Amino acid sequence: MTEGFEIMLFQVGSRCFASDVDRIRAILTGEAVNETKPVRTSALGSPFIATRGLAVEQDGELRTLVVDQVLGVRSITASELRPMPEVAAACLRSQAFIGFAMVDEVPIVLVDLPMLIEEVPHRELPAATAAEMRPPDAE
């Protein structure tokens with residue numbers, strides 16, 4: 001990553017993450033998320049409401065990380081980047097965590113989205129229908 005680049009901030013569950021905006025091909029909503037081999041659970045966790053998707057190109061096709069929110073794009077400089085501490089890297093179950101971006105003096109985990117998605121098997125459960133997502137009637 002070079003001096004002066006942009007990161008996309010997004011939320012999965014209760015946590016905020018960031019990724020190089022140049023690696024993201026599209027922000028998807030609704031049924032468009034389901035058309036790109038969505039990844040609903042990853043080393044980042046699972047989204048609460050899964051309303052958006054960040055599409056990346058992988059092996060010539062689009063795959064999508066399902067997220068709760070896309071928070072926006074932020075320009076950062078090289079001085080705002082921190083490496084992943086060796087101890088943390090050794091304990092994490094993903095090689096996709098590549099460091100931290102300091103955003104308003106708060107460390108945000110930087111994620112290599114294509115690598116994260118590559119770590120997830122291509123077999124995914126079909127998308128839940130609205131009827132399946134409705135809580136059972138309390139009678």
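**Exercise 1. Strand pairing**

How many bridges join E5 to E6, and do the two run parallel or antiparallel?

Solution. Start with the model. This is a predicted model, in which local features need pLDDT of at least 70, side-chain atom pairs count only at pLDDT 80 or more, and totals for chains, interfaces and linings use all residues. Residues are numbered from 1 along each chain as its sequence is written, and side-chain values use heavy atoms, with hydrogens and water left out.

Step 1. Strands (E, at least two residues) and helices (H or I, at least four) are DSSP runs, numbered from the N terminus. Two strands pair if DSSP finds at least two bridges between them.

Step 2. Count. E5 and E6 are joined by seven bridges and run antiparallel. Ala55 stands opposite Thr64 in E6.

Step 3. The order E3-E5-E6-E4 describes an open sheet of four strands with mixed pairing. Strand E3 (26–29) and strand E4 (38–39) are at its edges, each with a single partner strand, so one side of each has no neighbour in the sheet.

**Exercise 2. The core**

Solution. Step 1. Define it. A nonpolar core is a set of buried Ala, Val, Leu, Ile, Met, Phe, Trp, Tyr and Cys residues joined through side-chain atoms within 4.5 Å.

Step 1. The largest has 23 residues, and Phe10, Leu44, Leu65, Val111 and Leu113 have the most contacts inside it. Among the elements that give it two or more residues are strand E1 (5–12), strand E9 (97–103) and H3. Apart from it lies another core, of nine residues, including Phe5 and Ala101.

**Exercise 3. Asp112**

Solution. Step 1. Asp112 sits in the loop between strand E10 (106–111) and helix H3 (113–119). At 16% relative accessibility, Asp112 is buried.

Step 1. List contacts (heavy atoms within 4.5 Å). Leaving out residues up to four places away in sequence, Asp112 touches Arg23, Ala96 and Ile98. Its side chain also reaches the backbone nitrogen of Met115 at 3.1 Å.

Step 2. Look for a salt bridge (a side-chain nitrogen of Lys or Arg within 4 Å of a carboxyl oxygen of Asp or Glu). The side chains of Arg23 and Asp112 form one, at 3.9 Å, N to O. Arg23 lies in the loop between E2 and E3 and Asp112 in the loop between E10 and H3, so the pair ties together parts 89 residues apart in sequence. Arg23 is partly exposed, at 37% relative accessibility.

**Exercise 4. Confidence**

Judge the chain by pLDDT.

Solution. Step 1. pLDDT is the predictor's confidence in each residue, from 0 to 100. The chain mean is 83, and 83% of residues reach 70 or more.

Step 1. Over residues 123–136 the pLDDT is below 50. Where pLDDT is low, the predicted coordinates should not be read in detail.

Note on methods. A polar contact is a pair of N or O atoms within 3.5 Å; within protein, one must be able to donate a hydrogen and the other to accept it, and residues adjacent in sequence count only if both atoms are side-chain atoms. Buried means under 20% relative accessible area, exposed over 50%, partly exposed in between (1.4 Å probe, protein chains only).
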